[in-house]
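Here's a quick briefing on a predicted model. Have a look at the structure first, then we'll go through the pockets, the record's domain entry and the aromatic pairs.

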Amino acid sequence: MKFILNILWLVLSGFWLALGYVAAGIICCILIITIPFGIASFRIAGYALWPFGRTTVIRDDAGAGSAIGNVIWIIFAGWWLALGHIVTGLVLCVTIIGIPFGIANFKMIPVSLMPLGRDIVPTDEPFAAR
């Protein structure tokens, strides 16, 4: 079932959202000081392509550096990516078939706003982050 949902997700919204994350990652990697943001953006792009069967967890070793980085990320890139999830989620929620995909878009908003200090793990592995 996860495979079918991921294929439908890829066609309906995943490809375009992943392109947004890749664009943000490329821009961040052009500037040397923002390479950690670019790496986080590329990681989330993979999650945006294939989200069903995976989830995000907060890392135990995330500290003040992640919090400061997330504030910078929200200001420069996170706001626009979260807005993309909101618009796409609202458009998908118009149809009954699109409601699960709209809800998945809304669940991706926190990781699009604060990607540093989070890991993407399979949902099949309990306590995968520990």
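The second largest pocket is lined by Ala 24, Ile 27, Cys 28, Leu 31, Thr 34, Phe 37, Ile 72, Trp 73, Phe 76 and Ala 77. It holds about 190 Å³ of space. Keep in mind that this is a predicted model.

**Second largest pocket: who supplies the lining**
- Two helices, α1 (2-30) and α3 (64-92), each put at least two residues into the lining of this pocket.
- Of the elements, α3 gives the most, with four residues.
- By residue type, the lining of the second largest pocket splits into nine nonpolar, one polar and no charged.

**Largest pocket**
- The largest pocket comes in at a volume of about 230 Å³.
- It has 15 lining residues, and the closest to the pocket centre are Tyr 47, Pro 51, Arg 54, Ala 104 and Lys 107.
- Elements giving two or more residues to this lining are β1 (54-58), α4 (99-107) and α5 (109-113).
- The largest share comes from α4, which contributes four residues.

**What the record says**
- UniProt, in an unreviewed entry, lists residues 4-54 and 68-118 under "domain: Inner membrane component".
- In the model, residues 4-54 are 82% helix and 2% strand, with the end C-alpha atoms 14 Å apart.
- Residues 68-118 come out at 76% helix and 2% strand, and their end C-alpha atoms are 14 Å apart.

**Aromatic pairs**
- How many aromatic pairs does a search of the whole structure find? It turns up six.
- One of them is Trp 9 with Phe 52: the ring centres sit 6.1 Å apart and the planes meet at 85 degrees, so this pair counts as edge-to-face.
- Trp 9 belongs to helix α1 while Phe 52 is in the loop between α2 (35-49) and β1, so the pair ties together parts 43 residues apart in sequence.
- Both Trp 9 and Phe 52 are buried.
- Phe 15 and Trp 16 make an edge-to-face pair as well, at 5.1 Å centre to centre and 75 degrees between the planes.
- Phe 15 is partly exposed, at 39% relative accessibility, whereas Trp 16 is exposed, with a relative accessible area of 58%.
- Ring pairs also join Trp 9, Phe 52 and Phe 101 into a cluster.

Conventions:
Residues are numbered from 1 along each chain as its sequence is written. This is a predicted model: local features need pLDDT of at least 70, side-chain atom pairs count only at pLDDT 80 or more; totals for chains, interfaces and linings use all residues. Side-chain values use heavy atoms; hydrogens and water are left out. On a 1 Å grid over the protein atoms alone, a cavity is a set of points where a 1.4 Å probe fits but cannot get out, and a pocket is an open set with protein on both sides within 12 Å along at least five of seven lines; lining residues have an atom within 4 Å of a point. Grid points are joined across faces, edges and corners, and a volume is the space filled by probe spheres set on the points. Ala, Val, Leu, Ile, Met, Phe, Trp, Tyr, Cys and Pro count as nonpolar, Asp, Glu, Lys and Arg as charged, and the others, Gly among them, as polar. UniProt positions are given in the numbering used here, feature names are shortened, and annotations may be inferred rather than shown by experiment. Rings of Phe, Tyr and Trp (its six-membered ring) pair if their centres lie within 6.5 Å; planes under 30 degrees apart count as stacked, over 60 as edge-to-face and the rest as tilted. Buried means under 20% relative accessible area, exposed over 50%, partly exposed in between (1.4 Å probe, protein chains only).
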